[in-house]
Structures are given as structure tokens and as C-alpha cells.
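I opened my notebook to look up a few features in this structure. The entries below follow the order in which I checked them.

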Amino acid sequence: MSTFAAVMTGKGTGAIATIQLFGDTAPGIIKEIFKPTGPKPAEFITGKILLGTITQNGETIDQVTIGCEGRNTFAINCHGNPLIVADIMQLLQNHSAALLTGEELLAKIHAAQKGVNTIALEARLAHLKAKTIPGTKIIANQISASLSKKANQWLRDIKTTPLDRITSEAERILTNSQAAKLIIYGCTVVLAGPPNSGKSTLLNHLAGRQKAIVTDIEGTTRDWVSARCQIGPVSITLIDTAGLDEKLSTAPGDTIEKKSQQRSIQMSKDADMVLLVLDNSRPADQLEDRLPANIHDRKILTVLNKSDLPAEFDTGQLPENLGSAVQISAKFGAGIENLKDKILQIAGVVDFDLQSPVCFTSRQQHLIRQLSNAESRQHAASIITELLNAPLSV
Ligand SMILES: Nc1nc2c(ncn2[C@@H]2O[C@H](COP(=O)(O)OP(=O)(O)OP(=O)(O)O)[C@@H](O)[C@H]2O)c(=O)[nH]1
Ligand SMILES: [Mg+2]
């Protein structure tokens, strides 16, 4: 076997980056490129953290700590500057380490170390993509507690547990996973609605900056605009879309307006949640023919904007599933806290227990769904064994 290296930190530039090195020549490579602080030579004892510098031809590349994670496994924690990370990766390659992605490297470690819990390895990968601190806690909880513990318990008691208890617990895990997914990976919220209802004003208010252009001219927003905001434990990507206008979307030809209409509709279909922003100071006919048919299927919340103006909107005209509306004034900030609470309720994350067993990868989701339909205890046991021990596929 040779030695492999990968950058394990997520996208973007963090203060610290972690480079993982794994393989039979890894200790030799570290000995050559690492100069420990102090007079003593470095001792690679598992669990020990070494402080020193990475050097090349006598010149320091960076001050680092090196975590000795196993006989052949090291985590080099350097500064997050991409130039430093690139220099160290180049140096490792010069010492014959093959450069891999984080996923590929973890798969190699998994293949070499028999009996490693697959969920623990998936957790290391998912950790890189987590958007919030509560999200990283959910993932960390699944390693030895939550999902792993539940799976081990199921296996241990498989002969005495009624099958329907296992299948209903699997159902509950699937339900909880929906909220967990939004906390871990973030949530896309599309602002849709008729032109001029205040969608861009709301995006700017929630994002805390003037990202989208606001004017009193209908059809100001054409291409979509996105911005990030954090609501409670959820990192939200807000997407402001062009005002929905049936006339434009069905007009002949290939106009910019038509394209932006199609895009608004597609964005609404793909979103985790849709805020249907309506103008409370105008009658309900603003809705006419403007709701794309399958917008109803999404998690959708009606937002009556411009509540600072005299009300003209009759909520009785709303379709049944859109009837529960939140009143706000995006321009003056009224009702925004209530709106945020409603968003969290719809996302299902209010009172979410970070310790609950959940799935955080599509592999786990697929297996837990199979388990919820298991036909016998034997079938259940084989699914659970796969959940815990199957090779990591990348
Ligand atoms: N009084 C009042 N005016 C508002 C409010 N929110 C937005 N407006 C005004 O309504 C007009 C349209 O606002 P936008 O945010 O551009 O509306 P939009 O829905 O993005 O419009 P399109 O991009 O054309 O679809 C602007 O003149 C805003 O200042 C509000 O809460 N109260
Ligand atoms: Mg707009």
C-alpha cells in the first residue's frame, strides 16, 4: 500500500484547514517534512498531538499541529489560507503521497480498517458539509449514540423485539430526519408571488442588507437573487424570484419575461419551502391565475405584506391550504419575528431534539426506509447490519 493525502475541511476558507495523511509510508513522510517545536525528536504515539512546523528545503511553510490518529494516520492542522494548503499538498505529493478527495481517503481508511462503523465515517464526511453548529451536533450524536446505538440495540434484541416495533421506530427516524436535514444542510426558501408584492423588500430585510433591487415598478426582479440568513438553528438560503404573472408565462415567443417566469416556477418547485408573498393593500384578484398548479404541494406559507397600509385583501379568497396567513410589513419590519417562528414551525425544527436518531446520508435514508417495510426479523437484521458495516461508497 502507498500513502494518500486529502484536504478534509469544507468549502470556503476557514481559519484552520485539516489535511489527512494515511498509509504505510505516512510516518516516514511526516518525519521528513515536520520539525517539532523544542529539542526532542517527534514521537508518533497514537492520541498525541505534536506542535511544530512544516518545512521544505529548510524554509518554513506553516506552523502546524499534527494529530497522531493511528499508526499510519495523521491529521495535519495548518492555517486555512488556500496557498498554504496547496503548498503542503504539493509537498506531500513530492513525497509520493497520492492526492485524493476527502471521501476517497475515508473510503481507503474504511477498507483498510476492518470493523469501523460506517456511520462514523459518514459522519466525518457530513461534518464537512454541515451549515450550523446544531447541525454538527446532530451528526456527532449519531456516531456512538443516536442512530448507531439504536441500530446496535435492534441487532442485540432482534429475537425478542416485535417486528412492528422496529418498523415504527424506523418510520419515526425517517420523519425526524426531515427536520434534521434542514438543520444540518440548510433550507432553501423561495419568495414567490405576484409582481410588486414586496418579495425583494422581504429578502433584503431578512438578509439584513440591500441585496435585491426594490422599486415600485412591476416586474423589477427578473433573474433570481439569493441571500443567506440564519433563523434559529437553520441556515436559510432565500431566493427572490420574478413576480408570477400568468400573461407573461404563456405569452408566445422566447422573451426574457417568459424565461424568468419559468425560472420562478421551477425554483418554487425545487424549494424546501415557499413563502407566497401577497400585497395586503390590494384585493385578492392579484392571485388570479398566478399560482402554478404544483406550488400547492410544497411546504407553503402565505405572507400578507404591506400591513402598514389599509387592508384590502380578503383571506377568504385563498385556497384552503394557503388560508393560514402571517401579516407583516417588510418595509417597516413589523411581524417579522412571528414570520420567523412560523418558518421554523413549518420546517418542523421547533423543539427538535438534537439527540434523536436520524439519517444524515441518502444511503442511511434508503436503508431505514427499507427497514420501515421489513417483512421479517431476519430481513430487518440484514438491513441493520448493512447500515452499520457496509463499505463506504464514494
Ligand atoms: N407600504 C409598504 N410598501 C412596501 C412594503 N414592502 C414593499 N413595499 C413597496 O412595494 C414596492 C415593490 O416592492 P418590491 O420589493 O420591489 O416588490 P417585488 O415583489 O420584489 O416586485 P417584483 O420584483 O416586481 O415582482 C416598492 O415600492 C416597495 O418599497 C411594505 O411592507 N409596506
Ligand atoms: Mg422583486
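**Entry 1: strands**

I began with the pairing rule: two strands pair if DSSP finds at least two bridges between them. Helices (H or I, at least four residues) and strands (E, at least two) are DSSP runs, numbered from the N terminus. The model is predicted, so I noted its limits: local features need pLDDT of at least 70, side-chain atom pairs count only at pLDDT 80 or more, and totals for chains, interfaces and linings use all residues. Residues are numbered from 1 along each chain as its sequence is written, chains are lettered from A and ligands numbered from 1 in the order in which they are written, and side-chain values use heavy atoms, with hydrogens and water left out.

I looked up strand β12, residues 299-305. Its partners are strand β11 (residues 273-279) and strand β13 (residues 325-327). With β11 the pairing is parallel, over 7 bridges. With β13 the pairing is parallel over 3 bridges. I then picked out facing residues. L301 in β12 has L275 opposite. T302 has A325 of β13 opposite.

I also checked how covered β12 is. Buried means under 20% relative accessible area, exposed means over 50%, and partly exposed lies in between (1.4 Å probe, protein chains only). In β12, 6 of the 7 residues are buried.

**Entry 2: salt bridges**

A salt bridge is a side-chain nitrogen of Lys or Arg within 4 Å of a carboxyl oxygen of Asp or Glu. I counted 6 in the structure.

The side chains of E69 and R124 meet at 3.8 Å, N to O. E69 belongs to strand β5 (residues 59-70) and R124 to helix α4 (residues 118-129), so this pair ties together parts 55 residues apart in sequence. E69 is partly exposed at 40%. R124 is partly exposed at 34%.

E122 and R363 meet at 2.7 Å, N to O. E122 is buried, with a relative accessible area of 5%. R363 is buried as well, at 17%.

R156 forms a salt bridge with D157, and the closest N and O atoms are 3.1 Å apart. R156 is exposed at 61%. D157 is partly exposed at 27%.

**Entry 3: an aromatic pair**

Rings of Phe, Tyr and Trp (its six-membered ring) pair if their centres lie within 6.5 Å; planes under 30 degrees apart count as stacked, over 60 as edge-to-face and the rest as tilted. By this rule I got 1 aromatic pair. The ring centres of F44 and F74 are 5.2 Å apart and the planes stand at 70°, so the pair is edge-to-face. F44 is in the loop between β3 (34-36) and β4 (49-56), and F74 is in strand β6 (residues 73-79), 30 residues apart. F44 is partly exposed at 25%. F74 is buried at 1%.

**Entry 4: L392**

Where does L392 lie? I found L392 in the segment after α13 (377-389). L392 is buried, at 11% relative accessible area. Contact means heavy atoms within 4.5 Å. Not counting residues up to four places away in sequence, L392 touches L106, A107, H110, T118, L121, E122 and L125. L392 and A111 are 281 residues apart in sequence, but 8.2 Å apart in space, C-alpha to C-alpha.

**Entry 5: domains**

Domain bounds come from an automatic or database domain assignment. That assignment gives domain 1 (3-111), domain 2 (118-184 + 353-389) and domain 3 (188-347). Taken over C-alpha atoms, the centres of domain 1 and domain 3 are 48 Å apart.
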